[in-house]
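Please have the structure open while reading.

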Amino acid sequence: LLDARNRLESMPGLRIIGVTGSYGKTTTKHYLQRILSEQYETLMTPGSFNTTLGVIRTVREYLKPYNEMFIVEMGAKQKGDIKEICDMVHPDHGVITSIGPQHLETFFNMENIQKTKFELADALPEGGMLFLNGDNDYIQQQAASPAYDQTPEKIFYYSETEGTGYCAKDVKVSQLGTEFTVVTPDGESERFQMRLIGAHNVINVVGAIAVAHK
C-alpha cells in the first residue's frame with residue numbers, strides 16, 4: 001500500500017478517473033480507455049482488479065512514468081470499500097454508471113448502496129467532475145441530496161431521456177452495429193457508429209464520450 005501511494009505521489013501530472021456502479025463499470029472503463037488512448041497514454045485497472053488489493057497490484061505492476069491517465073474501476077461489497085480505494089488513489093474525476101440492488105446480503109438496503117457508490121463523489125477535489133448516468137433513478141435521487149449542491153460538478157448523461165447533460169438521440173440498431181447522435185450540454189452534436197449491437201450498450205458509451213469530451 002505504501003509503495004503504491006509513493007508511486008502515485010511521484011506522478012503529480014497523472015489524472016485519475018474513478019469508475020464505479022452496480023453494473024456497467026467494467027464496460028464503461030474499457031470504452032473510456034479506448035477513447036482516451038487516442039490522445040493520452042492511458043492505463044486502466046485490468047480484468048476485475050476493482051478492489052483495494054487489485055488497484056495496488058495495478059499501480060505496482062503496470063503503472064509507468066509516462067502514463068497520463070489512470071482509469072480505476074472501483075468495486076464494493078460493503079460500506080467504505082470505495083472510500084478505501086479513493087483514499088489511496090485520490091481520483092480527480094469520477095463516473096457512477098448505475099445503482100441497483102446488488103450485494104444486498106452485505107449492504108442490507110438500497111440507501112447503503114447509494115451512499116457507498118457516492119463515496120466516489122465525496123472523494124473528488126475542488127474542480128473535480130462527477131459523471132452520472134441520468135437514466136438511473138437511484139443516481140438521480142442521491143445526486144439531488146443537499147450534500148451535492150455545490151461540489152463536485154455534476155454532469156449527467158442519458159440514453160433514454162433528455163436532460164441537461166450529454167444525450168443520445170436517434171439510436172439505430174442493425175446487423176452492422178449501432179448508430180446514435182450525442183448532443184452536448186452546449187448543443188454541439190456528433191454522429192457515432194460502433195460495431196456493438198444493442199441499444200443497451202449506448203448509455204455506457206455515452207458516459208465514456210462525455211468524460212473524454214470534457
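At roughly what angle do the axes of H3 and helix H4 cross?

## H3 against H4

The model is predicted. The axes of H3 and helix H4 (residues 81-89) cross at roughly 25°. They come within 9 Å. Angles under 35 degrees count as roughly parallel, so H3 and H4 are roughly parallel to each other. H3 passes H4 in a right-handed crossing.

Which residues make this contact? H3 supplies Thr52, Val55 and Ile56. H4 supplies Glu84, Ile85, Met88 and Val89. By class, the residues of the contact of H3 with H4 are 5 nonpolar, 1 polar and 1 charged.

## H1 against H3

H3 (residues 52-61) also packs with helix H1 (residues 2-9). Their axes come within 9 Å and cross at roughly 55°. That angle makes H1 oblique to H3. The crossing of H1 and H3 is left-handed.

On the H1 side, the contact residues are Asp3, Ala4, Arg7 and Leu8. On the H3 side, they are Ile56, Val59 and Arg60. The residues of the contact of H1 with H3 divide into 4 nonpolar and 3 charged, with no polar ones.

## The largest pocket

How much space lies in the largest pocket? The volume is about 470 Å³. The pocket is lined by 20 residues. Closest to its centre are Ile35, Phe192, Val205, Ile209 and Ala212.

Which elements each supply at least two residues of the lining? They are helix H2 (25-36), strand S8 (177-183), strand S9 (189-194) and helix H9 (202-213). S9 gives the largest share, 5 residues. By class, the lining has 11 nonpolar, 5 polar and 4 charged residues.

## Gln33 in H2

H2 is one of the elements that supply the pocket lining. Gln33 lies in this helix. Which residues does Gln33 contact, leaving aside its neighbours within four places in sequence? They are Thr42, Met44 and Ile71.

How far apart are Gln33 and Ala143 in space? The C-alpha to C-alpha distance is 25 Å. In sequence, Gln33 and Ala143 are 110 residues apart.

How values were computed. Residues are numbered from 1 along each chain as its sequence is written. This is a predicted model: local features need pLDDT of at least 70, side-chain atom pairs count only at pLDDT 80 or more; totals for chains, interfaces and linings use all residues. Side-chain values use heavy atoms; hydrogens and water are left out. Axes are lines fitted to C-alpha atoms, for helices over the stretch in contact, and angles run from 0 to 180 degrees between N-to-C directions. Helices (H or I, at least four residues) and strands (E, at least two) are DSSP runs, numbered from the N terminus. Angles under 35 degrees count as roughly parallel, over 145 as roughly antiparallel, 65 to 115 as roughly perpendicular and the rest as oblique. A crossing is left-handed if the near helix is turned anticlockwise from the far one by less than a right angle, and right-handed if clockwise. Contact means heavy atoms within 4.5 Å. Ala, Val, Leu, Ile, Met, Phe, Trp, Tyr, Cys and Pro count as nonpolar, Asp, Glu, Lys and Arg as charged, and the others, Gly among them, as polar. On a 1 Å grid over the protein atoms alone, a cavity is a set of points where a 1.4 Å probe fits but cannot get out, and a pocket is an open set with protein on both sides within 12 Å along at least five of seven lines; lining residues have an atom within 4 Å of a point. Grid points are joined across faces, edges and corners, and a volume is the space filled by probe spheres set on the points.
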